[in-house]
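This report describes selected parts of one protein model. Please look at the sequence and the structure first; the notes follow them.

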Amino acid sequence: MTDLVDEVWGDDPPRDAPAALQALVSRLRRALGARDSVLADPTGGYRLAAAREDVDLHRFTRLAHEGVRRLDDPATPPATAAATLRQALALWRGPALADLPEPARSALAAAPEALRTAARRARVEAELRAGAAAPASLLPELDALIHEHPYDEPLRALQLRALRAAGRPADALAAYERTRRTLAEGLGTDPGPALRALHAELLRPPPEPTAPPEPPEAPRGNLRPRLTSFVGREPDLEALHGDLARHRLVTLIGPGGSGKTRLAEHAAADHPEPGWLVELARLDHPAAVPGAVLSALGLRENGLVAREKTPAEDPTTLLIDHCAHRGLLLVLDNCEHVIGAAADLADRLLAHCPGIRVLATSREPLGVPGEVLRPVEPLPPDPAHRLFADRAAAARPGFTPHDDPAAVAEICARLDGLPLAIELAAARLRLLTPRQIADRLDDRFRLLTGGSRTLLPRQQTLRAVVDWSWDLLTEPERAVLRRLAVFTGGCDLTAAEAVCAEPALDVADVLGSLVDKSLVLAEPTPDGMRYRMLETIHEYAISRAADEPAQARTTALRHAAHFLALAEEAEPLLRTAAQLPWIRRVEIELDNLRAALDLAVRDGDTDTAQRLVFALGWFWWLRNYRVEGAEWTARVIALTPTEPPEGSPAYVTHLSLRVLHMFLRSESSEAEEFRSPEYRALARRIKETFRQGSPETNTFPGVLWPTTALLTGDLIDFHTDLDEAVENCRRHGGDWELGVILMLRTHVAIDMTGGLHTVDADLVELHEIAHRVGDRWTRAQVSSAAGEVALSRGQYDWARIEYEECLRLAREVGAHIEAPFAIARIAETAYCSGDMEGAERLLAASDRESRKYGGVYDVRAFARLLASMIALYRGDFAKARAEYVVARAESKGAGVPPQFFAGLDNIEALLVAHDQGPRAALAAVGPAFADAISTHCAERVLAALAETAAGLLAATDRPGEALRVLAAATAWRSGHPRSVPEETFLDGFPERARTLLGPTRSAAEEAAGAALTPPEVAVLLKSS
């Protein structure tokens, strides 16, 4: 009793195990039909009242041993042994002792399973000795045994003998070579004597036949040669060969027109066993499936199509009788409309006919145990282009895709790489050019008609192909497919359930059915499974949805509501430490969000449209959808053509939209565009409204209101406005908003006269805010600001560390548009340190990133400015001028700061000095210096211009003024060192000037210069 409890329940017995065991025995007695069928054993257990011959396991054991003995007995014909072993093996129905729990089952089943393997091996041996009529039919079983026991040399020898008996000596030699490699690689040994002797036999030429010629072979299948080439499926064909070698049931699944039939035919033609194609597409009733197989095998000529048959005439029974001892590959083509009948027939044939393999094509799986699915995906671009070119050349001789490769690529992509659709499109070349075909694919179902007349009607047009799948759907499946058409770019399960739901409809279950039927693709992502339709199926679903406009309208509104909720949920999280998965999610759903926004704008739904724009505004900026975002914002602003009443909530909303619009356009528009009277008046209205401070005006995008003055150039009270914005954020905003305004104030202070010494407190607070918020963009900007401060103070190594951290964070958050500028600033630190080669390498990297992603802050202009400075340092004036010209041309954007123009003017002065002499250069540097003062450039920038002027003064034999201006520039630097190129530029002229003037005059000039202000130096230069 204890042993039985352990074997039935293992380590988890029920509370009253003996009573539970007794209940199981009672159920067993009822199943067997008699109480005395299970007897209580006096020792405490139970015993089955059955003779050993009544138990399959015992009977199998006896027959297996008997069959092996007969095989070993020279007096017994091998055929007798084979029959006994077949009888033994026929008793198996799946794994041994399958109902026992583990680990008891494995322990008790090991011996029967081993005996079964030995019996299978002995049966094959007996069949071969008996001169099997179809030795090739033994090969699938041998392949399976070898797969389980790859190092079993006797099994390998049986395989070689079976191949030789099947008339395939070359395959036998190839199999020997595979065996040799397997043994060498797996065990480090060579084949044994028996295998080597068999190999030697195979190498000897066969003796001349003495027997009469064999009768003609049975037909090698019914596959027809195709008249067109097989293009683009070579990898799929190789994979399918592998599937068929390892498995007995393989189903090719995929949407209509994906090329399943053609792939199956080619695989069957290459298969070692005869291939028989059974075309099920023409059947109109599932009961006709077995008869169709009989017809394909040539067994129906005697009229087995009668509606009523005797059991002896049952087509399935006839098929089993015919195929029981044959080896063949049965191709069941187009199973989807008779899926149940096809699955049942495949299951029965595989169970009773060990030499059969089944290759099915269907738009959904058969659902039979042991089935292996091989999805037939759309063709990748290159094979799709080759297929189009091949079929196009047949339709229009002389055609080459090189005439219009872009149109060919567009056709293949928009037709999802579906072979049938591509072939239909290629056929249209008799009438249209590739570009005309591509331009008409929005109406693809009218365009792509006129397939081969030899095809079934459902394969002659693209619409008929999809209609066939639609007709096989249930009504719930049709309803969900129509509603899924509203999604663009796919959806996840949550979205599908929210948009497609209705009472009593299990959307997840129906969606799974549509995936099974190859109408919806399920693709795993890091965030879970995602569902989408091929473009052709999507267009079809849209046309079906249009048939029910009221339902389509309801679905579209549900879709917009769902994605508005998603955008508003994501918006605050995009600025937190948890931002990465939310950024990815918004990016994935961007097409759906566009569709929702488009619907709101077209409907004039101002509230939804405004909410979507505000929810997406920061994402547009962060992920460089700035131009697109500005266009959407302009469309939403246009929904309110008349400005709302001043002071109303709608007025604040309207101005917030205008702030966002200017912000998104700030780096793609020229500076003069924002200097118009209209924009300046708008900026004043924004300032008057937002400087008052309220929770509404201190959230994104309204919190950015001070930037509008930067864009319009109306900088009166700008610093006061920044201070007010900071205080308003402290009262009404959050950490992130406060950080944005503090960063703006810090960057402005660094670039403005007298600002560098004011930034330290803001930087300390910014670091604290960045740590609290966790937003990688904020952290990157804080590192950038710290790098700029370090650069301005001559701490070039520290500046590089900060800019590299900025670059790392920008890449991590996906703000790739920020990367080129960060790399260019790292290049600037290398330049300032005197590492010109390193600076050039970094500028090249910045250029590559800029070409790939675009760039912020007019990075192309800055990179060319720095390249010109490097060329000047090396004395390459031709290159310096070329880079300068490009930098000047690229500097028209609204975001270009004044110090950039001061840098350009400085380069221009040095180029003029080289080309025309120092006096001409002095005439240029004076006005440039005055402009830098008027635009409040930082002392470092003023000092660089003044030092250039000092060098020019020295070159015109005015050493006193040169020393005076140089001393002024040194004083403005406040003790911060010059860069290596700046020190190199001085080139000893201060020492030469002091020598000319003498110690007393030199000291006097330098003392006077150290007291000069920038405007006083400007006066001095003007008089020069």
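## Strand β6 and its neighbours

In this predicted model, β5 and β6 are paired in the parallel sense, with five bridges between them. Within that pairing, L332 has A360 of β6 as its bridge partner. The chain passes from β5 through α14 to β6, and this β-α-β crossover is right-handed. Strand β3 (residues 249-253) is also joined to β6 by five bridges, and these two strands run parallel. Here T251 is the residue that stands opposite A360 in β6.

How many residues of strand β6 are buried? Seven of the seven residues of β6 (residues 356-362) are buried, so the strand is largely enclosed by the rest of the structure. Both of its faces are covered. I356, V358, A360 and S362 are buried on one side, and R357, L359 and T361 are buried on the other.

The loop between β5 (328-333) and α14 (339-352) contains N334. This residue is not a glycine, yet N334 has a positive phi of about 65°. N334 counts as buried because its relative accessibility is 8%, and the cut-off for buried is under 20%.

## A three-stranded open sheet

Another part of the model holds an open sheet of three strands in the order β8-β10-β9, with antiparallel pairing. β8 (491-492) and β9 (521-525) stand at the edges with a single partner strand each, so one side of each has no neighbour in the sheet. In general, the strands of a sheet pair through backbone hydrogen bonds, in either a parallel or an antiparallel way.

β9 and strand β10 (residues 528-532) run antiparallel and are joined by five bridges. In this pair, L521 stands opposite R532 of β10.

## Helix α45 and the residue that follows

Helix α45 covers residues 959-972, which makes 14 residues. At 1.5 Å a residue the helix should span 20 Å, and its end C-alpha atoms are 20 Å apart, so the two values agree. Is α45 mostly covered or mostly open? The helix is mostly covered, with 10 of its 14 residues buried. The buried residues are P959, G960, A962, L963, V965, L966, A967, A968, A969 and W972. The elements that cover them include α43 (918-934), α44 (939-955), α46 (980-986), α47 (989-1010) and α48 (1014-1023).

S974 follows α45 and lies in the loop between α45 and α46. S974 has a positive phi of about 55°, although it is not a glycine. With a relative accessibility of 57%, S974 counts as exposed, because the cut-off for exposed is over 50%.

## Single sites in loops and helices

D152 is placed in the loop between α6 (139-148) and α7 (153-165). Its relative accessible area is 16%, so D152 is buried. The side chain of D152 makes a polar contact with the side chain of R121, at 2.7 Å.

A cis peptide bond joins F700 and P701, with omega at about 5°. P701 belongs to the loop between α31 (677-690) and α32 (706-712). T606 is in helix α28 (residues 606-622) and is partly exposed, with a relative accessible area of 23%. Leaving out residues up to four places away in sequence, T606 touches L639 and T640. T606 and G221 are 385 residues apart in sequence, and their C-alpha atoms are 68 Å apart in space.

## Confidence of the model

The protein chain has an average pLDDT of 87, and 94% of the residues score at least 70. Over residues 301-312 the pLDDT is below 50. Beyond near neighbours in sequence, this stretch has 10 contacts in the model.

Definitions and conventions:
Residues are numbered from 1 along each chain as its sequence is written. This is a predicted model: local features need pLDDT of at least 70, side-chain atom pairs count only at pLDDT 80 or more; totals for chains, interfaces and linings use all residues. Side-chain values use heavy atoms; hydrogens and water are left out. Helices (H or I, at least four residues) and strands (E, at least two) are DSSP runs, numbered from the N terminus. The expected span of a helix is 1.5 Å times one less than its number of residues. Buried means under 20% relative accessible area, exposed over 50%, partly exposed in between (1.4 Å probe, protein chains only). Contact means heavy atoms within 4.5 Å. pLDDT is the predictor's confidence in each residue, from 0 to 100. Two strands pair if DSSP finds at least two bridges between them. A polar contact is a pair of N or O atoms within 3.5 Å; within protein, one must be able to donate a hydrogen and the other to accept it, and residues adjacent in sequence count only if both atoms are side-chain atoms. A crossover is right-handed if, with the strands pointing away from the viewer, the path from the first strand over the helix to the second runs clockwise.
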